[in-house]
Amino acid sequence: MRPENKAALSNWTWGRQSVDLLAQLPVYASAHEWLRVLKRLQPRLYSISSSPKECPGEAHLTVSPVRYNYQGVPRRGVCSTYLADRSPGDRVAVYLQPSTNFRPPRESDTPMIMIGPGTGIAPFRGFLQERRALGHTGPNWLFFGEQHAETDYYYRDEIEKMHADGLLTELDLAFSRDQQEKVYVQHLMRKRGAQLWSWLQDGAQLYVCGSANPMAKDVDRALCEIAAEHGNLDLDAAEEYAQSLSADKRYHRDVY
């Protein structure tokens with residue numbers, strides 16, 4: 001627990017849960033005492049990956065079940081596996097958490113840039129369905145990434161049809177394990193930096209959904225580098241530019 005052992009503590013705690021510590025160092029207490037120190041189970045929030053205008057009476061979710069072994073002990077995500085293991089017809093208790101800012105552009109002609117690796121693609125499928133249903137004319141650009149195209153290209157047929165139909169103007173894919181050198185969405189952003197900067201100059205709104213660490217941080221860093229390179233800004237000015245996009249409600253993040 002000493003400050004100089006921060007890295008060792010991080011390595012030791014990875015994959016461990018409270019029950020593992022208690023198994024190693026048993027503590028005997030009453031149920032009342034346990035309730036005073038254990039936190040309530042936090043709600044799991046999932047982005048709705050469909051538009052009610054295109055799928056009335058339905059709400060689609062994009063769920064990747066968390067399953068792994070820790071020192072031979074099987075572990076699983078609380079909500080993801082609960083949902084994945086339900087049978088058709090099962091009833092599941094849910095509630096809605098409104099989002100006031102993370103939604104498609106209101107103006108029909110506003111360009112939209114979406115960065116959603118993994119299950120972060122969920123809201124953007126809904127955004128594209130919504131814009132199609134509303135007849136929006138603004139261009140749409142999706143950056144999507146996962147490990148393998150063969151098994152992890154979520155909504156492949158639907159996304160490629162949107163691209164072929166012109167609803168999805170630009171589509172950049174990063175499958176990190178399909179080649180020797182790992183490629184992520186932030187690498188594709190830098191590669192397409194000049195065009196991405198042009199879209200931003202044309203008033204595009206930028207959306208990021210997915211893992212906060214490290215993906216969202218890497219995307220934010222890539223955005224600043226693009227602004228510096230293609231906007232001829234120094235690093236401080238590039239960071240201020242990214243902050244100004246947020247202040248102007250043009251840079252939206254739904255990260256976890």
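1. Basis. This is a predicted model, in which local features need pLDDT of at least 70 and side-chain atom pairs count only at pLDDT 80 or more, while totals for chains, interfaces and linings use all residues. Residues are numbered from 1 along each chain as its sequence is written, and side-chain values use heavy atoms, with hydrogens and water left out.

2. Annotated region. UniProt, in an unreviewed entry, places the feature "domain: FAD-binding FR-type" at residues 1-105; such annotations may be inferred rather than shown by experiment. The chain over residues 1-105 is 28% helix and 8% strand, and its end C-alpha atoms are 48 Å apart. Helices (H or I, at least four residues) and strands (E, at least two) are DSSP runs, numbered from the N terminus.

3. Strand S1 (residues 67-70) and strand S2 (residues 73-76) run antiparallel and are joined by four bridges; two strands pair if DSSP finds at least two bridges between them. Arg 67 has Arg 76 in S2 as its bridge partner. Two residues separate S1 and S2 in this hairpin. Gln 71, in the loop between S1 and S2, has a positive phi near 50° although it is a residue other than glycine.

4. Sheet. Five strands make an open sheet in the order S5-S4-S3-S6-S7, with parallel pairing. Its edge strands, each pairing on one side only, are strand S5 (170-175) and strand S7 (251-255). From one strand to the next, the twist averages 10° (axes are lines fitted to C-alpha atoms, for helices over the stretch in contact, and angles run from 0 to 180 degrees between N-to-C directions). Helix H5 (residues 122-134) packs on the sheet and touches S3, S4 and S6, where contact means heavy atoms within 4.5 Å. The direction of H5 makes about 155° with that of S3.

5. Strand S3 (residues 112-115) pairs with strand S6 (residues 205-210) in the parallel sense over four bridges. Met 114 has Tyr 207 in S6 as its bridge partner.

6. Cis peptide. The peptide bond from Asn 213 to Pro 214 is cis, with omega near 5°. Pro 214 is found in helix H10.

7. Second largest pocket. On a 1 Å grid over the protein atoms alone, a pocket is an open set of points where a 1.4 Å probe fits, with protein on both sides within 12 Å along at least five of seven lines; lining residues have an atom within 4 Å of a point. The second largest pocket holds about 430 Å³ of space, a volume being the space filled by probe spheres set on the points, which are joined across faces, edges and corners. Of its 17 lining residues, the closest to the centre are Pro 117, Gly 145, Glu 146, Tyr 184 and Met 215. Strand S4 (140-146), helix H8 (185-191) and helix H10 (212-230) are the elements that give two or more residues to this lining, and H10 gives the most, with four residues.
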